[in-house]
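Please examine the fold and the metal site of the structure shown here. The report below treats the sheets, the cores and the ion in turn.

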Amino acid sequence: MLIGFVSDPHANLPALEAVLKDVRTVSPDMVVCLGDLVGYGPFPNETVAAVTAEATQILAGNHDLAVTGEIDPETFNSYAKAAIDWTASALTPDNTALLRGFEPTAIFRDHMLAHGSPRRPADEYIVSVNEAHENFKDSHFETAFVGHTHQPAAFLLRDDDVVSLRPVPGEELAVGSSRAILNPGSVGQPRDGDPRASWGVWDEESRNFTVRKVEYPIEQTQAAILQAGLPELLAWRLGEGR
Ligand code: ZN
């Protein structure tokens, strides 16, 4: 069984469309979305439609929860908050209701899914071995898939040590029998210095994880961000991948 993981599309439709085209070439058995469908980007309704059409399981991210009023937007920085306000007014009532139906965590085929982290799914960032280690300790899972940091990552528990491996795009990373926390990176706002859209493939049989990077017309999203009156910084950062 091959499972495709897309995370943090953030209303960047050109990026999502490029990823979904690549998903079709890989042809996983199912697709999971780890949250943050909206926020930052200029195409929230189109993104909700495309994700719900493709994904079997969809989580809510912190931006989705802020747009639906389940998290206080005052906890966000000013750029993110401006985008939350814009998104809340741009979304159709139906799409807002769809987002409200998603949770920030789920169990899926024995895998733990969480937007941020297994123990604090709506807000914790797993960026270092420290957060990874605490999550291995505090939560019960063999394999967890997370998003939220917008950076591809693989944390493996070997004996009592956490090993952080940097996934190389297009190369299989062997997880083996280790407990693992895996992050496919972000479709719509990568922050690892590589502006290409990112997603991941998990092979349940071999326990190999592969991050894939896809080019997309960044300037289309940038133009739409400016056109919508969203903060300029949100357009600029897409070109930098940060
Ligand atoms: Zn995000």
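Contact here means heavy atoms within 4.5 Å; axes are lines fitted to C-alpha atoms, for helices over the stretch in contact, with angles from 0 to 180 degrees between N-to-C directions. Helices (H or I, at least four residues) and strands (E, at least two) are DSSP runs, numbered from the N terminus. This is a predicted model, in which local features need pLDDT of at least 70 and side-chain atom pairs count only at pLDDT 80 or more, whereas totals for chains, interfaces and linings use all residues. Residues are numbered from 1 along each chain as its sequence is written, and side-chain values use heavy atoms, with hydrogens and water left out.

| Strands | Sense | Bridges |
|---|---|---|
| Strand 1 and strand 2 | parallel | four |
| Strand 1 and strand 11 | antiparallel | four |
| Strand 11 and strand 12 | antiparallel | seven |
| Strand 9 and strand 12 | antiparallel | three |

Ile3 has Met30 of strand 2 as its bridge partner, and Phe5 stands opposite Gly200 in strand 11. Across the next pairing, Val201 faces Thr210 of strand 12, while Trp202 stands opposite Phe209 in strand 12. Ala174 is bridged to Asn208 in strand 12. The hairpin of strand 11 and strand 12 has four residues between the strands, and Arg207 there takes a positive phi near 55°.

How many of the seven residues of strand 11 are buried? Seven of the seven are buried, so strand 11 is largely enclosed by the rest of the structure. Buried means under 20% relative accessible area, with exposed over 50% and partly exposed in between (1.4 Å probe, protein chains only). In a regular strand the side chains alternate between the two faces of the sheet. In strand 11, Ala197, Trp199, Val201 and Asp203 are buried on one side, and Ser198, Gly200 and Trp202 are buried on the other. Strand 12 is also largely enclosed, because six of its seven residues are buried.

Strand 5 (residues 111-114) and strand 6 (residues 143-146) run parallel and are joined by three bridges; Met112 has Ala144 of strand 6 as its bridge partner.

**Nonpolar cores**

A nonpolar core is a set of buried Ala, Val, Leu, Ile, Met, Phe, Trp, Tyr and Cys residues joined through side-chain atoms within 4.5 Å. The largest such core has 40 residues, and Val19, Leu37 and Leu99 have the most contacts inside it. Helix 1 provides its largest share, six residues. A second, separate core of 19 residues includes Phe145, Val175, Ala180 and Trp202. Leu37 touches residues including Pro9, His10, Leu99 and Phe102, not counting residues up to four places away in sequence.

**The zinc site**

Which residues supply the protein donors of the zinc ion? They are Asp8 (OD), His10 (NE2), Asp36 (OD) and His150 (NE2), lying 2.1 to 2.3 Å from the ion. Donors are N, O and S atoms within 2.8 Å of the metal (3.2 Å for Na, K and Ca); water is not among the atoms, so sites may look incomplete. The donor residues are spaced D-x1-H-x25-D-x113-H in sequence.

The arrangement is irregular because the four donor atoms subtend angles of 88 to 177° around the zinc ion. Four donors count as tetrahedral if all angles lie between 85 and 135 degrees; four count as square planar and six as octahedral if opposite donors are over 155 degrees apart and all others between 65 and 115; anything else is irregular.

His63, found in helix 3, counts as buried because its relative accessibility is 3%. Among the residues that His63 touches, not counting those up to four places away in sequence, are His10 and Asp36.

Technical notes. Two strands pair if DSSP finds at least two bridges between them.
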